[in-house]
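I opened this entry to keep a record of what I looked up, beginning with the annotation and then moving to the domains, their interface and a few local details.

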Amino acid sequence: LAVGRISRDPSLDLGHRLDYVILQEECETPRALVRFVDFRKLSSAFIGPLNPGFCEVAAHLGANWNKAIFSWTCINYKLDSTIRHNAFARTLPSPIQILLTIMKYFKWAHVGIIASSEDIWMYTAKESATVLRNHGLPVGIVTSVHKGEKGIEDTWNKIKEVKNIKIILLCMHSVLIGGQEQAALLTKALEMGLADGRYIFIPYDTLLYSLPYQNNSFSVFDNDSKLQEAYDAVLTITLESGERTFYDAFREAKESGEIIRDLEATQVSPLFGTIYDAIYFMAMAMDSARRKGVRASGADIAEHTKNFSFPGFSHQVETDGRGKGLNNYVILDTDGHGNQLFPTHLLDMSSGSVLSLGQAIHFPNEIPPKPDSSCWFDPDVLCTEG
């Protein structure tokens, strides 16, 4: 869809015919990296990788091959060094940067991380913990979900042993788009009395796309009062929807005949929109480089990502003078009963500030977790004794 629209876009002059090949990424990280090396001759640029476990190696290889890499999943903030990684560009801000901004706003510093046992999520959890620790924040535990009900119970018992945790980052597919493991994990937390407001659960994957929340109900909550109640302890952070949600944009593309697959919008992950935007983002960079008379090499394309503004799949995509994404994020909350999510706060990426939208967060038992000392968020102060 993106490539077709780019080829018909009169505002773009790429000097090349754009085509794509889908590179099947292995689930196991070492094998995924070996496959990535095999793709060297197939592509002039890369959208990805999906697994943050080999982002740094991929960025080094991209620079060595002189091929740009456009990614939304990479967590490591060292990749933002244009001196060391000149062929790498982010199509979205680092997910952990978003999380850090919100943690600082609420003064919740102590984190626990639970990952699905799949390799891609384990690496996501490890990379996230490393970045949070590099910012001086205490990550008390990084663990994976063990199989079966007993395994889930064991996971929560491990979490309970760690003192002071305020936020639990859930590295797995969101229950809102079909993540069964997250549903089981949250339901068990409720049964064990852990969804009582002592922790805030934050799904990781909704940071990577625009979850359709406006005028949308989530059927996963229908006839499941336990999950509804458990989700009261969850804060969902996602890209702000534009005037249209992801589902609206998908339906429009279907009605216009551009998408011919027989799929309902709700059967498609909103990550589709993120990938679409990344491909368009790359085309915009190629166009910008060409207009400035620059050779279309990997480093030059990655360099020309500044001061963009273009219509993404369901919202406007913008970057600032340094190439940083200006897409806003929202915090979504439920009331513990219904099947809808409501925006309570806006993260304004142009200023890096969190703004209240006038709707208070509904915490379980109406008590938020106690704030941590502000010293955790002051880079010039060493925190001691909690």
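**Annotation and domains**

I started from the UniProt record, an unreviewed entry, which places the feature "domain: Receptor ligand binding region" at residues 1-336. The model I am reading is a predicted one. Over residues 1-336 I noted 37% helix and 13% strand, with the end C-alpha atoms 38 Å apart.

Next I looked up how the protein is divided, and found domain 1 built from 1-90 + 246-318 and domain 2 from 95-240 + 328-377. The C-alpha centres of domain 1 and domain 2 are 28 Å apart, and the contact draws 21 residues from domain 1 and 20 residues from domain 2.

**The interface**

I then asked how much area is buried between domain 1 and domain 2. The value I wrote down is about 1700 Å², and carbon and sulfur atoms give 67% of that area. On the side of domain 1, Ile 75, Tyr 77 and Pro 270 supply 33% of the area this domain buries against domain 2, which is more than any other three residues.

For the polar side of the interface, I looked for salt bridges between domain 1 and domain 2 and the rule finds zero, while the count of residue pairs in polar contact between them, both at pLDDT 80 or more, is three. The elements that give two or more residues to the side of domain 1 touching domain 2 are helix H2 (29-38), helix H9 (246-255) and helix H10 (271-291). Sorted by class, that side of domain 1 has twelve nonpolar, eight polar and one charged residues.

**Backbone details**

Which two residues does a cis peptide bond join? I found Gly 48 and Pro 49, with omega at about -5°, and I placed Pro 49 in the loop between strand S1 (45-47) and helix H3 (55-65).

Last, I noted that Lys 107 has a positive phi of about 60° although it is not a glycine. Lys 107 is found in the loop that runs between helix H4 (95-106) and strand S4 (111-115).

Conventions:
Residues numbered from 1 in each chain as written. Predicted model: local features only at pLDDT ≥ 70, side-chain atom pairs only at ≥ 80, totals over all residues. Heavy atoms only, no water. Domains from an automatic or database assignment. Contact = heavy atoms within 4.5 Å. Buried area = accessible area lost by both parts, 1.4 Å probe. Salt bridge = Lys/Arg side-chain N within 4 Å of Asp/Glu carboxyl O. Polar contact = N/O pair within 3.5 Å; in protein donor to acceptor, adjacent residues only side chain to side chain. Helix = DSSP H or I, 4+ residues; strand = E, 2+ residues; numbered from the N terminus. Nonpolar A, V, L, I, M, F, W, Y, C, P; charged D, E, K, R; others polar. UniProt positions renumbered as here; feature names shortened; annotations may be inferred.
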